Amino acid sequence: MIQFNINRFGKLARWSLTNDKKYYTRSFLQVFAMLMLVFLSFTGIIIRMSNEAPNYQACGVVVIMMFAINIIIGPSLMFYSMTGKHDRQSLLMLPASNFEKYLMRYSSWILLLPLYAIAFLSADLIQYLVHMIMGHDFAMFVTSKLLDYIHVMKAIPLSKSNWLDIAIFLFWLHSLYALGGTFFRSRKFNWVLTTIVFIAFCIVCMWSFDTDIKSKPQTWTHGVMEALYFVWALVNFWLSYKLFCRTQVIGKFVNL
Amino acid sequence: MIEVKNVSFKYAGQKNLVFDDFSFTLKENNIYGLLGKNGTGKSTLLYLISGLLRPKKGTVSVDGIDAYKRQPEMLQELFIVPEEFDLPAMSLEQYVKINEPFYPNFSREVLEACLKDFDLTTDLKLNALSMGQKKKVFMSFALAAGTKLLLMDEPTNGLDIPSKSQFRKVVAQYMSEEHTLIISTHQVHDVEALLDHILILNQQQLLLDASVSEIMEKYTFEYRMPDQMDDALYAEPSLQGNAVIAPRKADSAETQINLELLFNAVNEGKI
C-alpha cells in the first residue's frame, strides 16, 4: 500500500535538503565552472586562436544540451548525494514511507534545475562582463541567443502529433533512467550503465524489428504505439519504485 | 512484540545460510542481551528486525507489522544504533532539528541529560568528533528518541573504559519500563549488569533464551577449589580458583551471573 502524508513529506524534504546541501552546492559550482569555461572558450579563447567570430550559437547549444540531458538522465542521479551504506541506512530507517522517500530522491534532479539555471545566468553575466571589460564589441548575453532558439523551435514545421511523439519518447527515456537509477543504485556512474543497457536494448530491438518487418505486416497504429510507450514508461517508474522498496542495506552489485 | 518466524536468510553471493528456519519471539519491556561469537548472525538479526534486510523465507514482524515493509508507524517506534555508522557534517543542534520531528516521543531533556552523563556538551560539530564521541552522541539521540524498541549493535565497541561505565549508567537511567532494548555484543562484561534476558546465538540456532531471573534461580556462579567440583556443570580455571556454574540448591542464596562463563558453557553444550 502506498502511503503519503504531506506533513511527513515536508519533514523529509527538510531532512533531505539539509543533508544534501553539500551535494547541491558542489553540483552548482561544477556546472557554474563548466559553463563559464565553455562560454569563455567559445567566445574568447577560440576567436583569438582562429580569428573567427565569437560562437554564441555553440554556447546556446551547450546550455540547451545540458538542460536536456539533465532532464532525461536526471532520475539516475537520485542516489548521487548518498555515499555508501551508512547514508542508505539513515534514509531507510527514517520514519517516512517508502513512497515519500522515493519521491524525495526522485525530486533531486528537479531541485538541481533552478540551481543550474542560476549557474547558467551567473556564468553568462560573468562572460558578458569579461568581454565588456576587455572592450570587445561583440559582447552579448548567451541568454539572448537562447531566446532566439525558442523562436527557431517554434518555427519548426512539426504537427502537434509529432511533438506528442517526441514528448512521449523523452518521457519513456526519462523513465528508463529512473529504472536504471534504482537498479544500479550502488554504482557511481549508473547513468553510464543505463545508457549501455539502453543502447544494447536498441540494437536488439532494431535487429528484431528488421526481421519482423519482413515476416509480418505492420499493424500497429500510431496511437497504439504512443499509448504503449506511455504505459511502458509508467511501468518503468513503478518498477523503479518497487526496486527502491526492496532496497536492503547490504548487498552486491544490483543490491536487490 | 517481535516475532521471527521460520526465517531463512543468506547474503547475496554467499553459499551458506546465516539462518535456516529460525524462529523466536521477544516480549516487550525487557533489556535483551543478544550474545554470540563473531559471524553467528547477531547483526544480521538486528538488521532483519529493523527491516534493513529482508528474509528469503519466513517473516519478521514488529508489533504485527512486517519489518521489511519499513512502514513509518513501525519506524517511528524503532531505532537502531549500528556498530558502524556516520553522522552528517553539521552541528548537533541542526541534526536534532531535522531528525526530532520524526519521533513523537523525542525528549530534548533526555538528550541533554545523556550527553551530560557522557561528558559531552550540546554545542557540538558532528564531523569534528572522534568515533567514540560520535557513538555517545548517537546513543544519546537514540535514547532521547523514545522509541518503543531500541536496537544496539556492539554499543561498547570503540568506547574507552570510563565511557563503558557511563554507557551502563545512561542505559540504566533512561531505559524506562515501557521500552525494549536489544543489545547485540560479544563483549559480555560490558553489559552483563544491564540485562533482563539473555539470548545466545550460535550457527543458525538459539542456544539459550532465558531471563536472568530464571538463570539465577537455576544456577549458581561461584569460585571453588579443585576438591569442590562434584556438581559443577562447567568450570574454568581462574586466579581466584575455578569459576564454576553449578545447579543452585534450594536453600542457597542467588549469585550474580558470570555472563562470560555462562556464554562459554552454553557454547560448549554444558548447559
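## Domain arrangement in chain A

In this predicted model, the centres of domain 1 of chain A and domain 2 of chain A, taken over C-alpha atoms, are separated by 24 Å. Domain 1 of chain A covers residues 1-156, and domain 2 of chain A covers residues 158-256.

## Contact between the two domains

Where the domains meet, 15 residues of domain 1 of chain A are in contact with 18 residues of domain 2 of chain A. On the domain 1 side, at least two residues each are supplied by helix 3 (56-73), helix 4 (85-93) and helix 5 (98-106) of chain A. Helix 4 of chain A gives the largest share of this side, four residues.

By residue class, the side of domain 1 of chain A that touches domain 2 of chain A consists of 10 nonpolar, three polar and two charged residues.

## Contact between chains A and B

The contact between the chains draws 22 residues from chain A and 26 residues from chain B. On the side of chain B that touches chain A, the elements giving two or more residues are helix 1 (42-50), helix 2 (72-75) and helix 3 (92-99) of chain B. The largest share of that side comes from helix 3 of chain B, with three residues.

In composition, the side of chain B that touches chain A comprises 17 nonpolar residues, six polar residues and three charged residues.

Methods:
Residues are numbered from 1 along each chain as its sequence is written. Chains are lettered from A and ligands numbered from 1 in the order in which they are written. This is a predicted model: local features need pLDDT of at least 70, side-chain atom pairs count only at pLDDT 80 or more; totals for chains, interfaces and linings use all residues. Two residues are in contact if their C-beta atoms, placed from the backbone, lie within 7 Å. Ala, Val, Leu, Ile, Met, Phe, Trp, Tyr, Cys and Pro count as nonpolar, Asp, Glu, Lys and Arg as charged, and the others, Gly among them, as polar. Domain bounds come from an automatic or database domain assignment.
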